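Subject: Structure handover and notes

Dear colleague,

Please find the structure below, followed by my notes on what was found in it.

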Amino acid sequence: MPAGSPCGRVDAMITVERLTRKYGAFTAVDDVSFVAQPGRVTGFLGPNGAGKTTTMRVMVGLTPATSGRATIGGHLYRDIPNPGRHVGVLLDASAQHAGRTGREILTLGAQTMGLPASRVDEMLDLVSLSPTEAKRRLRNYSLGMKQRLGIAHALLGDPSVLILDEPANGLDPAGIRWMRGLLKGYADRGGTVLLSSHLLNEVELIADEMILIGHGRIVAQGNKEQLLADVDHKVTNVTALDNAALAQALQAKGLAVTQAGTGLRVEAAPVDVGRTAAENAIVLTDLRSADGGLEDLFLELTSDTQRDDVPQGAPA
Amino acid sequence: MAATATLDLSGTAQVPFTRLVRVELRKSYDTRAGFWLLVSILGVVGLVLAIFTIIIAVQSEPVLLGDFVVLAAYMTSFLLPILAIMLVTTEWSQRSGLVTFSLEPRRSRVVVAKMVVGVILTLVTLVAAFVMGVLCTAVCEIVNPALTGWEIAATDLAGFTVTQTLAMLGGFALATLLLNTPAAIVLFVVYRYVLPGLFAAGNALIGWFDELSPWLDFQAAQGDIYEWELSGTEEWAHLVVSGLLWLGLPLGIGLWRILRAELK
């Protein structure tokens, strides 16, 4: 798979084109376009209410689009016959009859898709739900167990595309690691995985490609290196015994300086700030990069959609 | 799983309709709620028939097999619509529709499959009720051979089957319209028990209303089916028009709503 621009490739399995979904005056998904490729895990990342779930629901035809469209392997989802055999979907692990047992839920799926009953046991085994657990009713499942069951349901029909909404939600650390391995292996065998999350770390570890969404709009996409390269402002937090003198010296070099807490925020790399201080014999008490990597980028890009203000001077 | 950008759908057939029906049938009894609803329907019918049998036997009253069937129909006409309502609304109340309609995006096929399941369960219930009626008649036969008759007209059985199926479909139609269990049951009760009283009052009090009401009163129109004495174009016309009003209209709007609805 060649690296490069994530857009415009011919081998896109999931293609979302200018998708918009409005609810009255509220635009949940605003002109969203992206692709997910076979053999890769594509992470769909954004804060709560950014439009991830709505986008995924439109993909599988549960929510009609206001405009634009989403295709899977060149087809609209509703045109795919027996779609469970091609596209594995997990949108909400709790959206099942609470009175059904785990095994019964998988059996219904297998029967609809026309699969042998043995497939149910294979899937229960794959997601490590024991026979006793499989006999329990869904209302007695923990969230983690529901997620495992949901992943088993998505994989039942041996699909070549997986669309998973927050699949790691509720899984314990061992479960998250297990899912990571499972999805990596699935993508390595040529499958297409699109998974959403509001947790950056989760997606960073598993996704080859990331799509950042905020306020219904795509704010950035690419792999980790591309994302960081795109928005790589060198910013440094520095505190000196004599902040005023340091600020003057930095400004003399044409660097932008702003007051930040007890120190200064400089738009330059730490090495340049340190050099300026040394040249001017200014004693530094603190010098560090304000560039916090993906997390900062994520928060910066989605800042106007965050529910909570990021505290000023938060450790980078 | 080749790394191609298209899904090869040539080897995949649409989910056969019979399979959808089989899955929907299974869903009607694979939960405790569904299973006990079915058991209760048969239980209630059996209980009432048993009480009726005891009364008849003790009081030495004359009785026919047809009487038991009429009694059973009286109860199933209320219980079957509730069963039909549950078939539809649980997909929304339990949110299992998310999965159901992901696996079969052609939603109308699922709705029709559910309707077929409603008819299957209606027929099973009616056969069970008929068997219970036969058993009760047999008991009366043993106790009071002279007073017990096995007469039942084939037309009675046909009328019984058709009216019960229409009653079930009435509940089904209201369920698709409202997609909410309690609301659908309340509306059904109003339709079933309050409306006939209103029609009667209207006929008695408003001069011109008794001309209009046969066209609106689906239940009165069905009375003739039960007697299997539907004769004349006028009666058929009443049945069709009132049926369109109480079955066709809610089902049409309901189906339109289900096809467009966003499943949350």
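Two strands are said to pair if DSSP finds at least two bridges between them, and the strands themselves (E, at least two residues), like the helices (H or I, at least four), are DSSP runs numbered from the N terminus. This is a predicted model, in which local features need pLDDT of at least 70 and side-chain atom pairs count only at pLDDT 80 or more, whereas totals for chains, interfaces and linings use all residues. Residues are numbered from 1 along each chain as its sequence is written, while chains are lettered from A and ligands numbered from 1 in the order in which they are written.

The six-stranded sheet of chain A

In chain A, six strands form an open sheet with mixed pairing, in the order β5-β6-β7-β3-β8-β9. Its edges are β5 (87-90) and β9 (217-222) of chain A, each of which pairs on one side only, and from one strand to the next the twist averages 15°. (Axes here are lines fitted to C-alpha atoms, for helices over the stretch in contact, and angles run from 0 to 180 degrees between N-to-C directions.)

Helix α1 (residues 52-59) of chain A lies across β3 (41-45), β6, β7 (192-197) and β8 (209-214) of chain A, and runs at about 145° to β6(A). Helix α5 (residues 143-155) of chain A lies across β5 and β6 of chain A, at about 160° to β5(A).

The three-stranded sheet of chain A

Another open sheet of chain A has three strands in the order β2-β1-β4, with antiparallel pairing. Because β2 (26-36) and β4 (67-72) of chain A each have a single partner strand, they stand at the edges, and one side of each is left without a neighbour in the sheet. Neighbouring strands of this sheet are turned by 20° against each other on average, direction ignored. Strand β1 (residues 14-23) of chain A runs antiparallel to β2(A) and is joined to it by seven bridges; the bridge partner of A:R21 in β2(A) is A:V29. Helix α1(A) packs on this sheet too, touching β1, β2 and β4 of chain A, and its direction makes about 115° with that of β1(A).

Helix α2 of chain A and its neighbours

The axes of α2(A) and α5(A) come within 10 Å and cross at roughly 20°. That makes α2(A) roughly parallel to α5(A) (angles under 35 degrees count as roughly parallel, over 145 as roughly antiparallel, 65 to 115 as roughly perpendicular and the rest as oblique). In this contact A:G102, A:I105, A:L106 and A:G109 of α2(A) meet A:L149, A:A152 and A:H153 of α5(A). By class, these residues divide into four nonpolar, three polar and no charged, where Ala, Val, Leu, Ile, Met, Phe, Trp, Tyr, Cys and Pro count as nonpolar, Asp, Glu, Lys and Arg as charged, and the others, Gly among them, as polar.

The axes of α2(A) and helix α3 (residues 118-126) of chain A come within 9 Å and cross at roughly 130°, and α2(A) and α3(A) are therefore oblique to each other. Here A:R103, A:L106, A:T107 and A:A110 in α2(A) meet A:R119, A:V120, A:M123 and A:L124 in α3(A), and the residues of this contact divide into five nonpolar, one polar and two charged.

Chain B and the contact between the chains

Chain B has 10 helices and two strands, and its C-alpha atoms fill a box of roughly 80 × 50 × 30 Å, taken along the principal axes. The contact takes 43 residues from chain A and 34 residues from chain B. Helix α2 (residues 102-113) of chain A gives the most to the side of chain A that touches chain B, with six residues, and that side has 17 nonpolar, 19 polar and seven charged residues.

With best regards

Methods. Contact = placed C-beta atoms within 7 Å.
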